[in-house]
Amino acid sequence: MTKKTFEHCKPEDVQAVFTDVAAEELAAYLVLFVRPEAVGNPPCPHCGERSRFRWGLTHGQGNCTCGWPGRYYHYIGPREHRYGGYQTLLWYHPDQVQRSRS
Ligand SMILES: [Zn+2]
């Protein structure tokens, strides 16, 4: 099985969503996530499917039906404390994900 590599998300990938966030702060935050090929409904980095995000038990976060974790509410910059924060689906980068044994 070949290991697919993913780029980290960068400010220029999502600047339409994260308005008013300082570039350095945003860049530091976005390394947690996979660069989306398009903002809005990016395919899951694990199974490649779209539109399979479901909410989890942690506010703002969830996962694909295959189990891969993602985040929809982002608390950063001017909206750090506002309900909902910035809203767009980003999948966590493989660097951030540990597979649990089952
Ligand atoms: Zn998936």
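This report describes the fold, sheet, core and some individual residues of a predicted protein model.

**Overall form**

The protein contains two helices and four strands, and along the sequence these elements follow the pattern α-α-β-β-β-β. Its radius of gyration is 13 Å, close to the 13 Å that the globule rule gives for 102 residues, so the protein is as compact as a globular protein of that length. Taken along the principal axes, the C-alpha atoms fill a box of roughly 40 × 30 × 25 Å. Buried residues make up 23% of the 102 residues. Among the contacts with a separation of 6 or more, 41% are between residues 24 or more positions apart.

The four strands form an open sheet in the order 1-2-3-4, with antiparallel pairing. Its edges are strand 1 (54-55) and strand 4 (86-91), each of which pairs on one side only.

| Strand pair | Bridges | Residues opposite each other |
|---|---|---|
| Strand 1 and strand 2 | two | Trp55 and Gly62 |
| Strand 3 and strand 4 | four | Arg71 and Leu90 |

Strand 3 and strand 4 run antiparallel and are joined by four bridges.

**The nonpolar core**

The largest nonpolar core has 16 residues, of which Cys9, Phe18, Phe33, Leu90 and Trp91 touch the most other members. Helix 2 and strand 4 each supply at least two residues of this core, and the largest share, four residues, comes from strand 4. In soluble globular proteins, nonpolar side chains tend in general to be buried together.

**Two residues of helix 2**

Helix 2 spans residues 23-30 and contains Ala27, while Glu25 is also found in helix 2. Ala27 is partly exposed because 15 other C-beta atoms lie within 10 Å, a count that falls between the 12 or fewer of an exposed residue and the 20 or more of a buried one. Beyond the residues up to four places away in sequence, Ala27 touches Lys10 and Pro11. Ala27 and Glu12 are 15 residues apart in sequence, with their C-alpha atoms 9.2 Å apart in space.

Glu25 is likewise partly exposed, with 14 other C-beta atoms within 10 Å. Not counting residues up to four places away in sequence, Glu25 touches Ile76 and Gly77. From Glu25 to Gln96 the separation is 71 residues in sequence and 18 Å in space, C-alpha to C-alpha.

**Positive phi in two loops**

Most residues other than glycine have a negative phi. Asp20, however, has a phi near 70 degrees, a positive value in a residue other than glycine; Asp20 is found in the loop between helix 1 (11-14) and helix 2. Asp20 is exposed, since 9 other C-beta atoms lie within 10 Å. Ser51 has a phi near 60 degrees, again positive in a residue other than glycine, and lies in the loop between helix 2 and strand 1. With 10 other C-beta atoms within 10 Å, Ser51 is exposed.

Methods
Residues numbered from 1 in each chain as written. Predicted model: local features only at pLDDT ≥ 70, side-chain atom pairs only at ≥ 80, totals over all residues. Pairing = 2+ DSSP bridges. Contact = placed C-beta atoms within 7 Å. Core = buried A, V, L, I, M, F, W, Y, C linked by C-beta atoms within 7 Å. Rg over C-alpha atoms; globule rule 2.2 N^0.38 Å.
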